[in-house]
Amino acid sequence: MNDAPANGHAYLDFNSPLSDTKAYDLINSLAPLRDATVVDYGCGWAELLLRAVEHEAGAIGLGVDSDDYAIDRGNANIEARGLGERVRLDRADVTTWETPPADVVISIGASHAWGGTRRTLEAMHARLKPGGRLLLGDGFWESEPNARTLEVFAPDEFGTLDELVDLAMACGYRLLNLATATLDEWDSFESRWCAGRERWLLENPDHPEAAEARKIVDDHRDLWLKGYRGSMGFAYLTLARR
Ligand SMILES: C[S@@+](CC[C@H](N)C(=O)[O-])C[C@H]1O[C@@H](n2cnc3c(N)ncnc32)[C@H](O)[C@@H]1O
């Protein structure tokens, strides 16, 4: 009998609401990537970093994340895709890991690691060469969060989209590109997250861990569909460091 999944990641390509098409649009927004060093802070299994490096033959990728599952999955993909000479993933805390300032840095869904968006923008500024590009993926409220959402998220967890952009300007960046996750991207992301446990439950309905797995996925679906669906937004800002 297989153990219950430890997370909802098995069916996700990216650990954020992001389609293949938008992923390549975002990579293009980071140009020039030729001979660039791209550092992904909180890379997860680093799918976007791998695609960026595959897209531009001269680019070098470095990723850092503290999650064992993510780093192992990323390393397996690096090997399978023959990228070992150009991409390295380190298992570490992003806040203490050090490397010289880069041409391009990525921080998607990892602002909590730095203590919020402002601190992330400041940390990435210090880790970029002047003129370098940051791809920041961060949350915002598309509309007022409802009561169900506020059981889990603080109202000041996020600002509005224009506040997010203003904050980036105040932290020493200019906006090169703005994209936001569509409802389709969100639904795909949440469905795939739930599918990790739903598919395991289909195969293991009487497993000792089944009730717990069912509760986790039921609670998650409830919070998504009765809570933040349509009100929580996710923005991808491509920012140039001044
Ligand atoms: C929402 S996931 C996003 C992963 C990836 N950026 C993506 O978009 O697929 C956030 C990631 O940040 C990582 N993380 C959070 N705090 C961290 C820390 N202090 N040091 C290293 N990684 C951290 C988590 O392990 C997780 O993989």
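Q: How many helices and strands does the chain have?
A: The model described here is predicted. Its secondary structure includes both helices and strands. The count for the chain is eight helices and seven strands.

Q: Why is the chain said to be as compact as a globular protein of its length?
A: The C-alpha trace spans about 55 × 45 × 35 Å along its principal axes. For 242 residues the globule rule gives 18 Å, and the chain is as compact as a globular protein of that length because its radius of gyration is close to that value, at 18 Å.

Q: What percentage of the contacts with a separation of 6 or more is made by residues 24 or more positions apart?
A: Of the 242 residues in the chain, 38% are buried. Among contacts with a separation of 6 or more, the share from residues 24 or more positions apart is 75%.

Q: Are helices H7 and H8 roughly parallel or roughly antiparallel to each other?
A: Helix H7 covers residues 183-203 and helix H8 covers residues 210-228, and their axes lie 10 Å apart. The angle at which they pack is about 160 degrees. Angles over 145 degrees count as roughly antiparallel, and H7 and H8 are therefore roughly antiparallel.

Q: How many nonpolar, polar and charged residues does the contact of H7 with H8 have?
A: The crossing of the two helices, H7 and H8, is left-handed. Residues in the contact include Trp193, Cys194 and Arg197 of H7, and Ile216, Val217 and Trp224 of H8. By class, the contact has nine nonpolar, one polar and five charged residues.

Definitions and conventions
Residues are numbered from 1 along each chain as its sequence is written. This is a predicted model: local features need pLDDT of at least 70, side-chain atom pairs count only at pLDDT 80 or more; totals for chains, interfaces and linings use all residues. Axes are lines fitted to C-alpha atoms, for helices over the stretch in contact, and angles run from 0 to 180 degrees between N-to-C directions. Helices (H or I, at least four residues) and strands (E, at least two) are DSSP runs, numbered from the N terminus. Angles under 35 degrees count as roughly parallel, over 145 as roughly antiparallel, 65 to 115 as roughly perpendicular and the rest as oblique. A crossing is left-handed if the near helix is turned anticlockwise from the far one by less than a right angle, and right-handed if clockwise. Two residues are in contact if their C-beta atoms, placed from the backbone, lie within 7 Å. Ala, Val, Leu, Ile, Met, Phe, Trp, Tyr, Cys and Pro count as nonpolar, Asp, Glu, Lys and Arg as charged, and the others, Gly among them, as polar. The radius of gyration is taken over C-alpha atoms; the globule rule is 2.2 Å times the number of residues to the power 0.38. A residue is buried if 20 or more other C-beta atoms lie within 10 Å of its own, exposed if 12 or fewer, and partly exposed in between; C-beta atoms are placed from the backbone.
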